[in-house]
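I wanted to go through this structure piece by piece and write down what I looked up as I went. These are my entries, in the order in which I made them.

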Amino acid sequence: MQLIDGKATAAAIKAEIAGEVEQMVSAGGRRPHLAAVLVGHDGGSETYVKNKVKACEECGFRSTLVRYEEDVTEEELLDCVRRLNEDDTVDGFIVQLPLPPHISEQKVIETIDYRKDVDGFHPVNVGRMAIGLPCYISATPKGILELLRRYGIVTSGKKCVVLGRSNIVGKPMAQLMMQKDYGDATVTVCHSHSRDLKEECRAADILIAAIGRPGFVTADMVKNGAVVIDVGTTRVPDASRKSGYRLSGDVDFENVASRCSYISPVPGGVGPMTICMLMLNTLAAGKKEYYG
Ligand code: NAP
């Protein structure tokens, strides 16, 4: 069994990005600029945004954080998005989700100029991804593809099962694993209404779990020699930690790991890659790689 080290892989990619940025700057170009919009004070969102700003520093990017209180109106937030769309100094930006219930996330996503949508959530990017055109790809599935590639894991012709069908992880993951130029695998997607879910999982050469149910994937659901990618990150109470919680994956790691050829841990697997892929998307935005 080989552990897939997302932390080390992400560090190597960020160093590669930083190297490229310094070359761009030496050649007279400017640093890619990422803006992040954060609404309210949710602990998880605060941490994610803080880590994104830190990753920008590591990559040599410029970053700007725009903050709003929880009671910002939808129109105020949409105005902010429109301003960032028009701001020529900003290459790409994200609006950290989730948003308070009085704001339509879909409206916000669709107001972002798809050419600056480095999260890859705008329907134009989602659609282009689905038909294999150059675009910003959602960071978590993109990071998983990068891990598989860097670990030399063959996906072509393999049976891949994706657990979960969310718009930001499960669906794009399945699309990418299916596509000839990416996974080139035979893909099954399971969700909360899937029958024979255990059977489906047991048939998988590559099992990608993204459901947010700690320890859901047990040893009897995993074929010997399978590759298991654990996307789940659920905060579970842990009195022994200073924070009072720890992150738990969707896979019962302790009992599953020995069956696998490769497995990604939580934490330290997919998580660090997600932010790193946002950085790659921002680099692409700085270089106007997809949309001129
Ligand atoms: P989500 O929007 O809540 O979607 C969960 C999906 O899992 C849904 O499709 C749901 O099915 C399915 N599901 C839930 N319970 C199930 C069960 N018992 N059996 C089968 N399917 C079940 O979640 P998400 O945003 O995709 O995130 C999934 C997990 O990944 C979460 O733990 C999240 O924190 C984590 N995550 C991690 C990263 C990272 O960077 N590491 C990034 C994003 C998300 P239905 O569609 O039928 O409801």
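**Entry 1: Gln179.** I started with Gln179, which I found in the loop between helix H7 (170–178) and E6. I keep in mind throughout that I am reading a predicted model. Is Gln179 buried or exposed? Its relative accessibility is 11%, and since buried means under 20%, Gln179 counts as buried. I then looked up what its side chain reaches, and noted the backbone oxygen of Met129 at 2.6 Å. Leaving aside residues up to four places away in sequence, Gln179 touches Met129, Ala130, Ile131, Gly132 and Asp184.

**Entry 2: the nonpolar cores.** Next I asked how many residues the largest nonpolar core has, and the count is 52. The residues with the most contacts inside this core are Met177, Ile208, Ile229 and Met279. Which helix gives the core its largest share? I noted helix H10 (residues 270–286), from which 10 residues of the core come.

**Entry 3: the ligand.** I then turned to the ligand, which is surrounded by 20 residues, the closest being Arg165, Ser166, Ser192, Thr233 and Thr274. By class, I recorded 7 nonpolar, 11 polar and 2 charged residues in the shell around the ligand.

Which distances separate polar side-chain atoms from oxygen atoms of the ligand? For Ser166 I noted 2.5 Å from a polar side-chain atom to a ligand oxygen, and for Ser192 I also noted 2.5 Å to an oxygen atom of the ligand. For Thr274 the distance from a polar side-chain atom to a ligand oxygen is 2.7 Å. I looked up the cover as well: taken alone the ligand exposes 930 Å², and the protein buries 71% of that.

**Entry 4: backbone exceptions.** Before looking at the backbone I reminded myself that most residues other than glycine have a negative phi, and that most peptide bonds are trans. Against that background I wrote down two cis peptide bonds, beginning with the one from Leu97 to Pro98, where omega is near 0°. Pro98 lies in the loop between strand E4 (92–95) and helix H4 (105–111). The other cis bond joins Val266 and Pro267, with omega about -5°, and I located Pro267 in the loop between strand E11 (262–263) and H10.

For phi, I noted that Asp196 has a positive value of about 50° although it is not a glycine. Asp196 is found in the loop between strand E6 (186–190) and helix H8 (197–202). How accessible is Asp196? Its relative accessibility is 55%, and because exposed means over 50%, Asp196 counts as exposed.

Lys288, again not a glycine, has a positive phi of about 50° too, and I placed Lys288 in the segment after H10. With a relative accessible area of 42%, Lys288 is partly exposed, as that value falls between the 20% and 50% limits.

Methods:
Residues are numbered from 1 along each chain as its sequence is written. This is a predicted model: local features need pLDDT of at least 70, side-chain atom pairs count only at pLDDT 80 or more; totals for chains, interfaces and linings use all residues. Side-chain values use heavy atoms; hydrogens and water are left out. A nonpolar core is a set of buried Ala, Val, Leu, Ile, Met, Phe, Trp, Tyr and Cys residues joined through side-chain atoms within 4.5 Å. Buried means under 20% relative accessible area, exposed over 50%, partly exposed in between (1.4 Å probe, protein chains only). Helices (H or I, at least four residues) and strands (E, at least two) are DSSP runs, numbered from the N terminus. A residue is near a molecule or strand if one of its heavy atoms lies within 4 Å of it. A polar contact is a pair of N or O atoms within 3.5 Å; within protein, one must be able to donate a hydrogen and the other to accept it, and residues adjacent in sequence count only if both atoms are side-chain atoms. Accessible areas come from the Shrake-Rupley method with a 1.4 Å probe; for residues, only the protein chains shown count as cover. Ala, Val, Leu, Ile, Met, Phe, Trp, Tyr, Cys and Pro count as nonpolar, Asp, Glu, Lys and Arg as charged, and the others, Gly among them, as polar. Contact means heavy atoms within 4.5 Å.
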